[in-house]
Amino acid sequence: MSPNTPRWLGHFRFTEPPFDKSIDDDALWMPSSRQHVVDQLVEAVQERQHVLLTGEPGIGKTCVLRAVRHCLQQGFRLTYCHNATLGRRDFYRQLCLAIGLSPKATAAAVFYAVSTHVQELAREQVHPVFLLDEAHLLHQDVLDHLHIVTNYEWDRAPLLSLVLVGLPDLRDRLQLRRNRSFWTRLHVRLALADALPEDTVEYVQYRLKRAGGDVDLFSSDALAMLHEASDGHLRSIDRLATMALKAAARRKLKRVDRELVQHVAAEGGR
Ligand SMILES: Nc1ncnc2c1ncn2[C@@H]1O[C@H](COP(=O)(O)OP(=O)(O)OP(=O)(O)O)[C@@H](O)[C@H]1O
Ligand SMILES: [Mg+2]
């Protein structure tokens, strides 16, 4: 371990920070419930459909996209976009850049360029997939036009798959009368559920093990408290578990108990 390694990692003999967000795509925690969401998403894209994926903040939606990317290697051109706050013009500019076209001046020129390009890709047997993260932030005028992007159906199947990912509010918004045309084009609508108490246990132990630590570092009471304090949202679990481990190391404790988790949850908020 290098001299710059934080002391708490050395205290628990971790080889890396256990709850770091830079986990590799192929090392993601995939219980069967989550794998099922990934499988449905992959299948939908293979069938050239459009997809909606919603879930609470920090629950693991972007990581699901990373797992999907890992599965869709050949025959797909994936473009990931997480700047959904753009106005319509800039949004189409970005769509152009994303699929490798020079941006066009007018919306009509963009539609023409994009449609020609996706047909070329189809001839090359490459299916473009536009992954639009944080889609709850989309401006209404972009949403109003999204059905045009999803309307390349001359070949009976769409030539471009759109995957919209966002908070549960996105689903509510898309169900409004104004967005009904687009809503009906989203063939597959998936929701990522909060982790159950047993999922939190499995997740924490999985990540401890991957970092070379003892899987029983948290007592079962501590894990129950961690679940309660995080609402089963993985990013909150990461944050609280890291705070608890650091606090335990400062106190030279070998394990984390319920009181310690309660203490960091009260100190660091939810
Ligand atoms: N399958 C997973 N395996 C391992 N860690 C995960 C997994 N899913 C989520 N995490 C952890 O939880 C954190 C939050 O996940 P992610 O960024 O995917 O959530 P999100 O639902 O996209 O959040 P937001 O709504 O804020 O965009 C990640 O940084 C990672 O540490
Ligand atoms: Mg995200």
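Strand 1 and strand 5 (residues 188-191) pair in the parallel sense over four bridges; pairing requires at least two bridges found by DSSP between two strands. Strands (E, at least two residues) and helices (H or I, at least four) are DSSP runs, numbered from the N terminus. The model is predicted: local features need pLDDT of at least 70 and side-chain atom pairs count only at pLDDT 80 or more, whereas totals for chains, interfaces and linings use all residues. Residues are numbered from 1 along each chain as its sequence is written, and chains are lettered from A and ligands numbered from 1 in the order in which they are written.

Strand 1 also pairs with strand 4 (residues 161-166), in the parallel sense and over four bridges. Leu-52 stands opposite Arg-189 in strand 5 and opposite Leu-164 in strand 4. In a regular strand, side chains alternate between the two faces of the sheet. In strand 1 (residues 51-54), Val-51 and Leu-53 lie on one side and Leu-52 and Thr-54 on the other, and all are buried, so that both faces are covered (buried: 20 or more other C-beta atoms within 10 Å of the residue's own, with C-beta atoms placed from the backbone).

The chain is divided into domain 1 (7-21 + 195-268) and domain 2 (31-191), with bounds from an automatic or database domain assignment. The C-alpha centres of the two domains lie 35 Å apart. Six residues of domain 1 are in contact with six residues of domain 2, contact being defined as C-beta atoms, placed from the backbone, within 7 Å. On the side of domain 1 that touches domain 2, helix 9 (197-210) and helix 11 (234-250) are the elements that give two or more residues. Helix 11 provides the largest share, three residues.

Key: Two residues are in contact if their C-beta atoms, placed from the backbone, lie within 7 Å. A residue is buried if 20 or more other C-beta atoms lie within 10 Å of its own, exposed if 12 or fewer, and partly exposed in between; C-beta atoms are placed from the backbone.
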